[in-house]
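This report sets out selected features of a multi-chain model. It begins with strand pairing and then turns to chain contacts and domains.

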Amino acid sequence: MRRRHHFPWLLIFTILVFVFLFAPIILVVLFSFNKTASLTFPFHGFTLRWYRTVLASPTFMSAIWASVRVGLVTVALTVTIGTLAALAVTRYSFPGRRALRTFLLLPAALPGLFMGMALLSLFSVAQVRLSLWTVTAGHLVYVLPYFFLVATTRLDRFDFLLEEAARDLGAGPWTTLRRVTLPIIGPSLIAGALVAFSLSWDEVMITYFTIGNQNTLPLVIYSTVKQSIDPSVNAVSTLLLLGSLIFLVGARRFVADLQQ
Amino acid sequence: MSDPSSAYLQIRSVTKAFGGPAVVEDFDLGVDKGEFVSLLGPSGCGKTTLLRMVSGLEFPDSGAILLEGKDITAVPTHKRPVNTVFQRVTLFPHLNVRENVEFGLRLRHVPKAEASGLVRDALELVQLPDFGERAVRTLSGGQAQRVALARALVNRPKVLLLDEPLSALDLQIRRELQVQLKEIHRELQGTFVYVTHDQEEALSMSDRVVVMDKGCIIQACAPEELYRAPGSMFVASFVGTGNVWPGTLVEHDDRVSVVSVDGVLMRGARSADAGPGDKVAIVLRSEAVRLLRGGVEAVPDGLCSLRGTVGTVLFVGPVINYKIDVGGRRLTASRPSSEDQSGLREGDDVVVAWRPEDAPIVRDTAACLQTSGAPDHTEKGTT
Amino acid sequence: MTAASTAAALGGNRSARRRRRLTIVLLLAPALVIVGGALLIPTLNLLVQSFAHSLGYGQIGYQFTLSNYTSAVTDPLYRSLALRSFGLGAVTGVACLVLAYPVAFYVSFRLTRGRNLALYLVVLSLFASYLVRLYAWYTVLGTRGMINGALMSLGIVDQPISILLFNRFSLFIAFVNIFLPFSILMLTSTMQNIPREVIDSAHDLGAGPVRAFTRVVLPLTMTGLIGAFAYTFILTSGDYITPALLGGASANTALANTITDQFQNQGNPPAGAAISFVMLVVFFVVYYVVGQLERFKGI
């Protein structure tokens, strides 16, 4: 066999690309601990003062809390509605099944701008007041297709003969769902729920259009940046990042179940 | 022989179609309490659909199913005192062996102490006494199906249904489990309905075999009778290793019928229902014909014989199969490999001989049994 | 065979079928209500508005008119904006492909032990907030940001240069940074679907590494390339937040901003609606073309 003594161009290129991908974020995190308000090197010293500012700021804290609430409600609704729908299209076969599956994935194909505007326009015509509930509605329709995809992928691999076996042993339909189906596909549903929360947590476009007087975390970052240079944005951003990453790392535990 | 109208499990004129031609057509069957009945037939003959209708996973389009005289046709699955062992492994992967077996008991709120005793007994019955805490994925195929059996039996079902439970297993395991199943049946004296396409399996385990094709019963009788006196060419071809040669019945006396096969006259057992001129087939079981060295050994009295040449010799293990060329047809004859095989090499002249009473003569039909019990014959061409 | 038993069978059958249909409907209803109510109806409403008259200040007169569409398509301002947005989208798509392909190639074909880690890192970068990354580039490129700071301290310039931010360059960099992970993932997925045996047979039949690549790997990854390009193009062209943050304060930075401007500042929802539908049509054309190409190139 020939030994290759080529210069590892591809490896270097790949490493450079990865640096390009991660550098900006690492910088933000780094500078959230910077002693001064400067955004350039040299680094002046480690401090937590920006974090204290954030925690003391009612604007930021209420935004974080709003994001949490919207996220939880969105995920609760998404998991329930999405699981039921996924069961319907995988357990039964009926005309139009495949079209329906495509239809329910549709919102993921549309730009957030369009969905945000369409919802806003509807709310104004129907004279619905904008609030965190309208934001939740927007998040729900945005996140649902992703969860639906995860759930249907898992259920495509599920042997429904297991449900028949449960019925054969005396379990009614609801008991079968509770004691057999849901426990078995559970890990994938959890992974989907974590992905759903992460998507809602980070969502800014639809939120921008459908929110009333409040703020969610990404939105408060956006408006703060537009108005001024506030170093505590670094800290808030890092918190936002932390939230997203926690969910991703958590989801990894359950993704194995999905990817047999 | 059970009369369908008073048996323990009655299947009465059941028909089922899935939007096309009927998969099960006007099916009548009675199963006695404690009987081990096999439904035997090729893929697509409707046997699994029938089983599912008994368990409640499908509903018949017309007809009825009665258990102990009560009509259970419209009763949903989870309320029927019937349990199934499925073809694929359907053990719940998120529960261990013990939890799987006690699943049905827990659903009926059987007290914990009593339940664990029943589970222990069930696992002992299938010879897996220490497997209670094992995880499902650590089980082999055979072990998994045994646990599935325990899981079904622990509920003391009135009827146990088995849908080709051994078909996915290796041959040796299959053979062992067949014996175990028969022993369990004898010990419990339960009512078992077993679906399979493997005729050896059906013959070895059942009290009665019901041969099915295209949704109806072709023949239903004890295994020996099925083998020795097949009712039709379909059954004769499907069951056992035989040479089934179509021909025309020429004449008969009280013991023997003479059949003309491609112009050659052959003698077989007296046909019960065919007359001269009917299209029939003669069945020469490969182990029922004797091979005599041509020109060396004499044909014993009373035996019918044909001359031929040895074609291919196949060593199968316990037997050796000989493909003999006999006047344009190929005949398979088998001999125990422990016997002396001299003079039977490829190209040798042989004489194939058999006693007429060992060669059943069957009518050339694949028709369904009618409710009246008498077979309904419609002439069909040779298959 | 009694009529009573058959009736029982028919009854059981019918009620089972009815129950099944009801179950399916109940299971699907909430999802359909959400997608229908939060997507279909608003879209239809918007569609209706796009054919209506604007009476100023957000008021709408519901008489049928095509003027919104005609001005959306013919107005030179919109046209140049569309060209800018779609052009930037296309350039971003190409740039992402150029950067992603070698990385995907390396990860799929050269990396064995580190592969899962590398892919995990890519997914990680995907999840690491879109907004935070935008903000990061905002700080890096800004007058008080990293690059200017470095340039000044190295003595290359005396004053911070402001051309780095608020123009197409900054949008381009940010878009590439954001959508590169998608492209990498799509390409690695396509590449990993090529069975090892196919490449081995190419080598076996005498193809050197270069030819094995151009004749085997490249054509087989074509669908991944097209899909990645289309995805990047669509998301970039229709993006609002990035242009709003990094592209300057004007409403004419990108198509998305113009649309929003029409709605919010100009009080002209019909115009905004029409432009967004035109944009949507372009997207669907791209989806359709991609779909057809995939079928054409289908393995």
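## Strand pairing in chain B

B:Leu9 stands opposite B:Leu67, a residue of S4(B). Strand S1 (residues 9-17) and strand S4 (residues 62-67) of chain B run antiparallel and are joined by five bridges. Strands here are DSSP runs (E, at least two residues), and helices are likewise DSSP runs (H or I, at least four residues), both numbered from the N terminus; two strands pair if DSSP finds at least two bridges between them.

In chain B, four strands in the order S2-S1-S4-S5 make up an open sheet with antiparallel pairing. Its edges are strand S2 (22-31) and strand S5 (70-71) of chain B, each of which pairs on one side only. Strands of a sheet pair through backbone hydrogen bonds, either parallel or antiparallel.

## Basis of the model

The model is predicted: local features need pLDDT of at least 70 and side-chain atom pairs count only at pLDDT 80 or more, whereas totals for chains, interfaces and linings use all residues. Residues are numbered from 1 along each chain as its sequence is written, while chains are lettered from A and ligands numbered from 1 in the order in which they are written.

## Contact between chains A and C

Chain A places 59 residues in contact with 57 residues of chain C, where contact requires the C-beta atoms of two residues, placed from the backbone, to lie within 7 Å. On the chain A side, at least two residues each come from several helices, including H3 (58-91), H6 (132-156), H8 (173-202) and H11 (232-258). H1(A) supplies the largest share, 13 residues.

This side of chain A divides into 50 nonpolar, seven polar and two charged residues. In this classification Ala, Val, Leu, Ile, Met, Phe, Trp, Tyr, Cys and Pro are nonpolar, Asp, Glu, Lys and Arg are charged, and the others, Gly among them, are polar.

## Contact between chains A and B

The contact between chains A and B takes 15 residues from chain A and 17 residues from chain B. Helix H7 (161-168) and H8 of chain A each supply at least two residues of the chain A side, and the largest share, six residues, comes from H7(A). The chain A side comprises eight nonpolar, three polar and four charged residues.

## Domains of chain C

Chain C is assigned domain 1 (3-50) and domain 2 (68-296), with bounds from an automatic or database domain assignment. The centres of these two domains of chain C, taken over C-alpha atoms, are separated by 40 Å. Their contact takes four residues from domain 1 and seven residues from domain 2. On the domain 1 side, the residues divide into two nonpolar, two polar and no charged.
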